[in-house]
Amino acid sequence: MSEKTLFTRIIEREIPADIIYEDEHCIAFRDINPQAPFHALVVPRKPIAMVADATAADEVLLGKLLLAAAQVAREHGHGDAFRLAVNNGAAVGQTVFHLHVHVLAGRSFSWPPG
């Protein structure tokens, strides 16, 4: 990824965001177009366009993203009921090509989604 994504610009503090969590591996902030009463995005600091572009070298980072997502849900009162969503590609709704995990909570969800 040669051009900075919106999320890289948030990570680098070039664009403001409501940041609710960060560590050395990732950052989480509230979604500006929430689809649930609680909707945050957990984004790795390393720019990976989408899950399909991750490699074996990213295995630990991918696990850290899921653990951070659970922590974010827990810290905001949703540790026992939340949904995680990851889109991979424009055809399924990915609009920012920097891997991110949606953490959604605070309402009922149906299955299958979409």
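The model is predicted.

The sheet is open and consists of five strands. Their order is β1-β2-β3-β5-β4, and the pairing is antiparallel. Strands β1 and β4 form the edges, each pairing on one side only. Strand β4 spans residues 83–85. From one strand to the next, the twist averages 20°. Strands β4 and β5 run antiparallel and are joined by three bridges. Within this pairing, R83 has L104 of β5 as its bridge partner.

Helix α2 lies across β1, β2, β3, β4 and β5. The helix runs at about 155° to β3.

In soluble globular proteins, nonpolar side chains tend to be buried together. Here, the largest nonpolar core holds 18 residues. F38, V42 and V72 touch the most other members of this core. Two or more residues each come from β1 (19–22), β2 (26–30), β3 (38–44), α2 (59–75) and β5 (101–105). Helix α2 gives the largest share, six residues. Beyond its neighbours within four places in sequence, V72 is in contact with I20, Y21, A28, F38, A40 and V42. Two of these contacts, F38 and V42, are themselves named with V72 as touching the most other core members.

Another core lies apart from the largest one.

F7 and F29 are both buried.

The loop between β3 and α2 contains D58. The relative accessible area of D58 is 3%, under the 20% limit, so D58 is buried. Leaving aside neighbours within four places in sequence, D58 is in contact with K46, I48 and D53.

Definitions and conventions. Residues are numbered from 1 along each chain as its sequence is written. This is a predicted model: local features need pLDDT of at least 70, side-chain atom pairs count only at pLDDT 80 or more; totals for chains, interfaces and linings use all residues. Side-chain values use heavy atoms; hydrogens and water are left out. A nonpolar core is a set of buried Ala, Val, Leu, Ile, Met, Phe, Trp, Tyr and Cys residues joined through side-chain atoms within 4.5 Å. Buried means under 20% relative accessible area, exposed over 50%, partly exposed in between (1.4 Å probe, protein chains only). Helices (H or I, at least four residues) and strands (E, at least two) are DSSP runs, numbered from the N terminus. Contact means heavy atoms within 4.5 Å. Two strands pair if DSSP finds at least two bridges between them. Axes are lines fitted to C-alpha atoms, for helices over the stretch in contact, and angles run from 0 to 180 degrees between N-to-C directions.
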